[in-house]
Amino acid sequence: MIHGKKVGLCLGSGGARGLAHVGVLQVLEENGIVPDLISGCSAGAIFGAIYAAGTNLRMLERYLGTVDAKTIIDLGIPIQGGFLSGDKIEEVVMTLTHNLSFGETRIPFVCIAADLISGEMKVFEEGKLHRAVRASMAVPGVFTPACIDGHYYVDGGVIEELPVDVLRQRGADVVITSDLGIKRNFFDPEHPSPVDILRRSTDIMQAHMTVRQADKGDVVIRPDASFMGLLKINGYEESVAAGRQKATEALPRIRELLGMDAHVSEQKSLP
């Protein structure tokens, strides 16, 4: 806690735009703002789990420079629900989270997914981190659904791209949200195909849903990483820089809410 206030950090979904979360995390940590609880969805679940497990952020940034498509892309069988199996990304997450379970993280962490059968939101807070993250990041139609204990899960963003409420429910006094926004698909209103209409309609729906969720946070950080695609890794430096820029701009408001001196940070380091 900082000045007796429990700090929650919510990391939203966004595909490869999630690399901007690394920059946000760096700036917060450098300024003594280490959250007491982290929630994540999809890309936010990936980087939230990695950070909660204690992975050094600078080392993580250097590692990102070594990642290419072969590291994360593995073709699946479309009739099984997705073009990518997701196994390679899960292996990367398992390595970067040190194969930890939820109860073993340095910072308490939760992530969400959507149950394909019940249609309900699943909040993961026990079991292996990498399995829950695999469920949270299973973009429908792109990755095959994750099967855990007989349940099939897809990307939590289907229900809630910014899991702020789970932080409030667990006692967070101040919630900082890193919102990556929506990656808008190109739309030609003069010659739209049925797929174009579906994509554009989904964009509109997600944009309105995300704004309502983001506004539940006390501070909303919105890095502009719109130049990144779903699985595009090239440009990670610019994404991290975008996260750092917006997090730095948000620091005065965060310090105000937490009662921190504007010039001298109270350093809070992980064990």
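Me: What should be known about the numbering and the model before reading on?
Reply: Residues are numbered from 1 along each chain as its sequence is written. This is a predicted model, in which local features need pLDDT of at least 70, side-chain atom pairs count only at pLDDT 80 or more, totals for chains, interfaces and linings use all residues, and side-chain values use heavy atoms, with hydrogens and water left out.

Me: What is the mean pLDDT of the chain, and where is the pLDDT below 50?
Reply: The pLDDT is the predictor's confidence in each residue, from 0 to 100. Its mean over the chain is 84, and 77% of the residues reach 70 or more. Over residues 263–269 the pLDDT is below 50, although this stretch has 15 contacts in the model beyond near neighbours in sequence; a contact means heavy atoms within 4.5 Å. Where pLDDT is low, the predicted coordinates should not be read in detail.

Me: How many helices and strands does the chain have, and what makes a run count as one?
Reply: There are nine helices and ten strands. Both are DSSP runs, numbered from the N terminus: helices are H or I with at least four residues, strands are E with at least two.

Me: Why is Phe-109 called buried?
Reply: Buried means under 20% relative accessible area, exposed means over 50%, and partly exposed is in between (1.4 Å probe, protein chains only). Phe-109 has a relative accessible area of 3%, so Phe-109 is buried. Of the 271 residues of the chain, 51% count as buried.

Me: Why is Gly-54 called partly exposed?
Reply: The relative accessible area of Gly-54 is 22%, and therefore Gly-54 is partly exposed. Gly-54 is found in the loop between helix H2 (43–52) and helix H3 (57–64). In sequence Gly-54 and Leu-96 are 42 residues apart, while their C-alpha atoms are 9.0 Å apart in space.

Me: What makes strand S4 mostly covered?
Reply: Strand S4 spans residues 109–115, and seven of its seven residues are buried.

Me: How do you know that S4 pairs with strands S2, S5 and S8?
Reply: Two strands pair if DSSP finds at least two bridges between them. S4 has four bridges to S2 (residues 37–41), in the parallel sense. Four bridges also join S4 to S5 (residues 121–124), and these strands run antiparallel. With S8 (residues 151–155), S4 has three bridges in the antiparallel sense. Each of these pairings therefore meets the cut-off.

Me: Which residues are bridge partners in these pairings?
Reply: Gly-40 has Cys-111 in S4 as its partner. Ala-114 has Met-121 in S5 as its bridge partner, and Ala-114 also stands opposite Val-154 in S8.

Me: How many aromatic pairs does the structure have, and what makes Phe-102 and Phe-109 stacked?
Reply: A search of the whole structure finds two aromatic pairs. Rings of Phe, Tyr and Trp (its six-membered ring) pair if their centres lie within 6.5 Å; planes under 30 degrees apart count as stacked, over 60 as edge-to-face and the rest as tilted. Phe-102 and Phe-109 are 5.8 Å apart centre to centre with 10 degrees between the planes, so they form a stacked pair. At 5% relative accessibility, Phe-102 counts as buried.

Me: Why is the pair of Phe-124 and Tyr-153 called edge-to-face?
Reply: The centres of Phe-124 and Tyr-153 are 5.2 Å apart and the planes are 70 degrees apart, which means edge-to-face. Phe-124 is in strand S5 and Tyr-153 in strand S8, 29 residues apart, and the pair links distant parts of the chain. Phe-124 and Tyr-153 are buried.

Me: How do you know that Lys-122 lies over the face of Phe-124?
Reply: A charge sits over a ring if NZ of Lys or CZ of Arg is within 6 Å of the ring centre and within 35 degrees of the ring normal. Lys-122 lies over the face of Phe-124 at 5.5 Å from the ring centre.

Me: Why is Ser-178 called buried, and what does Ser-178 touch?
Reply: Ser-178 has 0% relative accessibility, so Ser-178 counts as buried. Ser-178 is in strand S9 (residues 174–178). Leaving out residues up to four places away in sequence, Ser-178 touches residues including Cys-10, His-21, Leu-162 and Pro-223.
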